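Here is a friendly tour of one protein chain, with a few stops along the way. Keep the structure open beside you as you read.

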Amino acid sequence: MREAAAAFVRDVVRPAVAGWDEAGSYPREAAAASGLTGLFCPTALGGAGIGYPAGMEVFEELGRGDAAFAFSLSMHNAVAAVVAGCDDEELRARWAADLVAGRALGGFSLTEPHAGSDATAITTRARADGGGWRVTGRKAWVSLAGEADLFLVVCKTAGGPGHADVAVLAVDRRAEGVSFPRLYRKAASAFLPIGEMALADAPGTMLVPPGAGMRAALGAIDVARCDIAAIACGLHAEALDIAVRYTREREAFGAPLLALDTMRFTLADVLTDLEAGRLLYARAASLLGTPAGPVAVAHAKRFCPDAALRAAIACSEALGAYGWLEDTPLPRFISLAKMLQVVDGTAEIQRVVIGRELDRMARSGS
Ligand SMILES: Cc1cc2nc3c(=O)[nH]c(=O)nc-3n(C[C@H](O)[C@H](O)[C@H](O)COP(=O)(O)OP(=O)(O)OC[C@H]3O[C@@H](n4cnc5c(N)ncnc54)[C@H](O)[C@@H]3O)c2cc1C
């Protein structure tokens, strides 16, 4: 799958990505044809059936092409895996095969206009209605808004503070009461629709029951954070390759730029950060689902996007004025690395998780 992702980036993404914003479209069908829409789903369903460590290597490759597209595939793959593994036979039969094959796309709606990092402050509410459920509220920062076919919506079922009543429901984009009233104008990646989702007594299927919803959502977000760390390493590696190629060719004062110690030292630090980031995401991937997983993931999600941003800036500078041209992906990478710092939990929220671990270590004397 890593080779398939590398070929997809080489043949489909790099040659065309500069035109996606203007065209308002991106190659989701080609991603599906390359097997990138069912990474963590069983082979019996047509999925790749790979584990997290192998999956993260796929996301690193995808990050070399376009981090926003890679992020949308990360979210889709998480939704596909949840639906393919859920207990609701009807939901599975209706959606799993289509999600795995990429005929349908999955989205995840947790954030609300007033509740981002503080996820327990959400107010979207689900109420029981006969044998089913109805959802009312407003979600923000919904990726693939209006485009994904099935959304996993995190909501409360009783009201009141805390997460004791939080559940996850599956909501069909075409259901009555579902609308997308606002799409954001973003600093990059106009091709990818992100915006608000309004739910007005929309029908939903209970996927994770009240009380278990926040834990399930955080479990899915841990996988997504690890994906983001790997995607950041891909962006980082691609920026470094571009800078090394350029500085070996470009001469100044009678020698290649890369012969200058200052240039070498700068790019050496970029490479050390990349090596560190790869170790962090690989370790986190191997610990996902264990008690040590969330802290390992927080280290990777905190470090890799910050390092990718430093790398994108340093590599752009290594190209002098040319690093500012859209002939290279570097200006886009700087903006995308900023996005990776925020999406799926900011660097500060990772520090909150790591800070709690410091407390635990101090208490246990370890
Ligand atoms: C491109 C993109 C796509 C996204 N897609 C989705 C999606 O599909 N579904 C979805 O549900 N969400 C999505 N999000 C939302 C994303 O997860 C949130 O933006 C993120 O969790 C931060 O929330 P916020 O933007 O409301 O910032 P806030 O929570 O308002 O934070 C603002 C600032 O305060 C800091 N801060 C907050 N709390 C603390 C604290 N305790 N200690 C220290 N500092 C703190 C933050 O780090 C940040 O710098 C997306 C975001 C982006 C950028």
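This is a predicted model: local features need pLDDT of at least 70, side-chain atom pairs count only at pLDDT 80 or more; totals for chains, interfaces and linings use all residues.

α10 gives the most to the lining of the second largest pocket, contributing four residues.

The volume of the second largest pocket is about 530 Å³.

## Aromatic pairs

The structure holds nine aromatic pairs. One of them joins Y26 and F191, with 5.3 Å from centre to centre and 55° between the planes, a tilted arrangement. This pair links distant parts of the chain: Y26 is in the loop between α2 (20-23) and α3 (28-33), while F191 is in the loop between β6 (178-183) and β7 (194-208), 165 residues apart. Both Y26 and F191 are buried. These two residues also belong to an aromatic cluster, together with F8, W20 and F69.

Why does the pair of W141 and Y184 count as tilted? The ring centres of W141 and Y184 are 4.5 Å apart and their planes meet at 45°; planes under 30 degrees apart would count as stacked and those over 60 as edge-to-face, so an angle in between is called tilted. W141 lies in strand β3 (residues 132-143) and Y184 in the loop between β6 and β7, so this pair ties together parts 43 residues apart in sequence. W141 is exposed, with a relative accessible area of 54%, whereas Y184 is buried, with a relative accessible area of 13%.

## A charge over a ring

Another ring to look at is that of W95. The charged end of R94 sits over the ring of W95, 3.9 Å from the ring centre.

## The β2 and β3 hairpin

Strand β3 turns up again here. It runs antiparallel to strand β2 (residues 125-129), and five bridges join the two. Across the pairing, R127 stands opposite R134 in β3. The hairpin has two residues between its strands, and G130 takes a positive phi near 65° there.

Notes: Residues are numbered from 1 along each chain as its sequence is written. Side-chain values use heavy atoms; hydrogens and water are left out. Rings of Phe, Tyr and Trp (its six-membered ring) pair if their centres lie within 6.5 Å; planes under 30 degrees apart count as stacked, over 60 as edge-to-face and the rest as tilted. Buried means under 20% relative accessible area, exposed over 50%, partly exposed in between (1.4 Å probe, protein chains only). A charge sits over a ring if NZ of Lys or CZ of Arg is within 6 Å of the ring centre and within 35 degrees of the ring normal. On a 1 Å grid over the protein atoms alone, a cavity is a set of points where a 1.4 Å probe fits but cannot get out, and a pocket is an open set with protein on both sides within 12 Å along at least five of seven lines; lining residues have an atom within 4 Å of a point. Grid points are joined across faces, edges and corners, and a volume is the space filled by probe spheres set on the points. Two strands pair if DSSP finds at least two bridges between them.
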